[in-house]
Amino acid sequence: MSLKGKKVAVFLENMYEDVEFWYPYLRMKEAEADVSSVAPEKHSYKGKRGTSADADMTIDQASANDFHALIIPGGYSPDLMRRNPDMVAFVKKMNDGGKPIATICHGGWMLASARIIDGRSVTGFFSIKDDLVNAGADFRDDEVVVDGNLITSRHPGDLPAFCKTIISALES
């Protein structure tokens, strides 16, 4: 399995769930994708558990046209991401292009803010179920839920299946 030639954006903000950023980031690199962390500003961000990650580019420098997929980790970072209109617009543009958007845990907040889940099946951390349902989604309590270009998972325990599904979507 090689994702050579595929460009993957991974959103980054403070208070990300450390493993939900690093596991997919490194897994996509291992599959030979060109991976970029995209954040509001180009500096170092802190995870909930103390790891740090540097932004490769700012959201202003990123264009949805240049990427084949987007990964949004959970933790509390999606609550900060959704306050940035450019990050929300990026999600919408990726969806409009039918490109894979993968969210885990609280990452589904970004799908709700981009208003792209009405009538679609998704999953996420149980505490955001009401938010996703109120945005019109059909919430499923499954390891991975795929609905068109959306790939969603619940929590860190789902990461192996989550990453396999992302890789599969990029290979096809």
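This report covers the sheet, the salt bridges and the aromatic contacts of a predicted model.

## Basis

The model is predicted, so local features need pLDDT of at least 70 and side-chain atom pairs count only at pLDDT 80 or more, while totals for chains, interfaces and linings use all residues. Residues are numbered from 1 along each chain as its sequence is written, and side-chain values use heavy atoms, with hydrogens and water left out.

Seen in strand order, β5-β2-β1-β6-β7-β11-β10 make up an open sheet of 7 strands with mixed pairing. Strands are DSSP runs of E of at least two residues and helices runs of H or I of at least four, numbered from the N terminus; two strands pair if DSSP finds at least two bridges between them. At the edges stand β5 (57-58) and β10 (144-147), each pairing on one side only.

Strands β1 (residues 7-11) and β2 (residues 34-39) run parallel and are joined by 5 bridges. Val-10 has Ser-37 in β2 as its bridge partner.

## Salt bridges

There are 10 salt bridges in the structure, each a side-chain nitrogen of Lys or Arg within 4 Å of a carboxyl oxygen of Asp or Glu. In one of them, Glu-17 and Lys-48 bring their closest N and O atoms to 3.0 Å. Glu-17 is in the loop between β1 and α1 and Lys-48 in the loop between β3 (44-46) and β4 (52-54), 31 residues apart. Glu-17 is buried at 7% relative accessibility, whereas Lys-48 is partly exposed at 30%. (Buried means under 20% relative accessible area, exposed over 50%, partly exposed in between, with a 1.4 Å probe and protein chains only.) A network of salt bridges links Glu-17, Lys-48 and Arg-49.

Arg-154 forms salt bridges with Asp-141, at 3.1 Å between the closest N and O atoms, and with Asp-158, at 2.9 Å. Arg-154 and Asp-158 are both buried, but Asp-141 is exposed at 58% relative accessibility.

## Aromatic contacts

The whole structure contains 7 aromatic pairs. Rings of Phe, Tyr and Trp (its six-membered ring) pair if their centres lie within 6.5 Å; planes under 30 degrees apart count as stacked, over 60 as edge-to-face and the rest as tilted. Phe-21 and Trp-22 are edge-to-face, at 4.9 Å centre to centre and 85° between the planes.
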